[in-house]
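The following questions and answers examine a protein structure. Please consult the sequence and the coordinates alongside the text.

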Amino acid sequence: MENKAFEDAHSAVFRKSEILEGKCAKIGGYDFNRGVNYSELVKSFVSTGFQASSLGDAFEVVNQMLDWSLADETPHENGGTEKTDPSYLKSVKCKVFLGFTSNLISSGVRDTIRYLVEHHMVDVLVTTTGGIEEDLIKCLAPTFKGDFALPGAPLRAKGLNRTGNLLVPNDNYCKFEDWIMPILDKMLEEQSEEKVLWTPSKVIARLGKEINNESSYLYWAYKNNIPVFCPALTDGSLGDMLYFHSFLNPGLVVDIVQDIRAMNGEAVHASPRKTGVIILGGGLPKHHINNANMMRNGADYAVYINTAQEFDGSDSGARPDEAISWGKIRGTAKTVKVHCDATIAFPLLVAATFAARREGLLKANGNGI
């Protein structure tokens, strides 16, 4: 009886394993005995485990997204295009949709996004109203570092607004009002006299033109003709300005229907290009991008970076696999969700992908960096 018990316990503890050699990557971190090499450190993430590995997987998905060209596809897969010139096929690249929530523009990630837009590394942008106004306001006055624990009532008395551990003086919004009201007046005049049909994306492009500041990603989006969509344009300080303007000089109309046609068209008419989505945070930008890609039976690549969990059924927390069930991401797509604060993960992702490629190209062309 004791021998039987021993054998059962022994077999339970020392169960024979499936061989993983050659099937899975081995876990290991960066060896600092090799010195401090940030490029190699970032490359080591994929084999580190946990969310470092998820971030490493995101590097790989984005690089695959950027590597793809129509030349990789068979004539049947590329839609049977009659153009067979290798240089043309190589020039047709993946269409990249970038979505982000407003807090990231409040943060220093604004500069990372501006870099991508400045160098036309992304094709379509989607954000919330705060992601529009904060970019413009930062051209007029700065945001400051505070603390998550600062109490609200004393801050309110001092005219200081807290966004996490950031502080935005309320004077910034007064400056925003002074700047934007004459522009809204001019837009109303153009609507009346020139029959201009304003949409959220047209309003945003106009504001990018008017700010005329190279620190602004909206300026670069305007200059590079990159559309910026914001279907909830009234949900923020910009909405406050539109509200006040409707009393001071009523009549301005912003048509959201034309923008949903334009946004969905960015996905529907992407063919023969593949589409890739990079979404920072959740909420409106995440759903708006994914829903547009549903119109083409799903995106081909998807990277999510957020800290939301899926167990409340929110779209913000949903993993890519849920979007696959809706046809918003293709079943064959390369996908990953990184459970991490985007202010940490996204600059690292850009460094390992977009920026590394640009630096390599500049060096290859003898331009340095």
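Strand S1 is joined by 6 bridges to strand S7 (residues 275–280), and the two run parallel. The model is predicted: local features need pLDDT of at least 70, side-chain atom pairs count only at pLDDT 80 or more, and totals for chains, interfaces and linings use all residues. Residues are numbered from 1 along each chain as its sequence is written, and side-chain values use heavy atoms, with hydrogens and water left out.

Q: Which residue of S7 stands opposite Leu98?
A: Strands pair if DSSP finds at least two bridges between them; strands (E, at least two residues) and helices (H or I, at least four) are DSSP runs numbered from the N terminus. S1 and S7 are parallel and share 6 bridges. In S7, the residue opposite Leu98 is Ile278.

Q: Which residue is the bridge partner of Phe100 in S2?
A: S1 is also joined to strand S2 (residues 124–127), by 4 bridges and in parallel. Within S2, Phe100 has as its bridge partner Thr127.

Q: How many of the residues of S1 are buried?
A: Buried means under 20% relative accessible area, exposed over 50%, and partly exposed in between (1.4 Å probe, protein chains only). In a regular strand the side chains alternate between the two faces of the sheet. One side of S1 carries Lys95, Phe97 and Gly99, the other Val96, Leu98 and Phe100, and all are buried. The count for S1 (residues 95–100) is therefore 6 of 6.

Q: Is Asn290 buried or exposed?
A: Asn290 is placed in helix H14. Leaving out residues up to four places away in sequence, Asn290 touches Val277, Ile279, Tyr304, Ala323, Lys328 and Ile329, where contact means heavy atoms within 4.5 Å. Because its relative accessibility is 2%, Asn290 counts as buried.

Q: What is the relative accessible area of Thr353?
A: Thr353 lies in the loop between helix H16 (342–352) and helix H17 (354–364). Apart from neighbours within four places in sequence, Thr353 is in contact with Phe59, Val62, Asn63 and Leu66. Thr353 is buried, and its relative accessible area is 0%.
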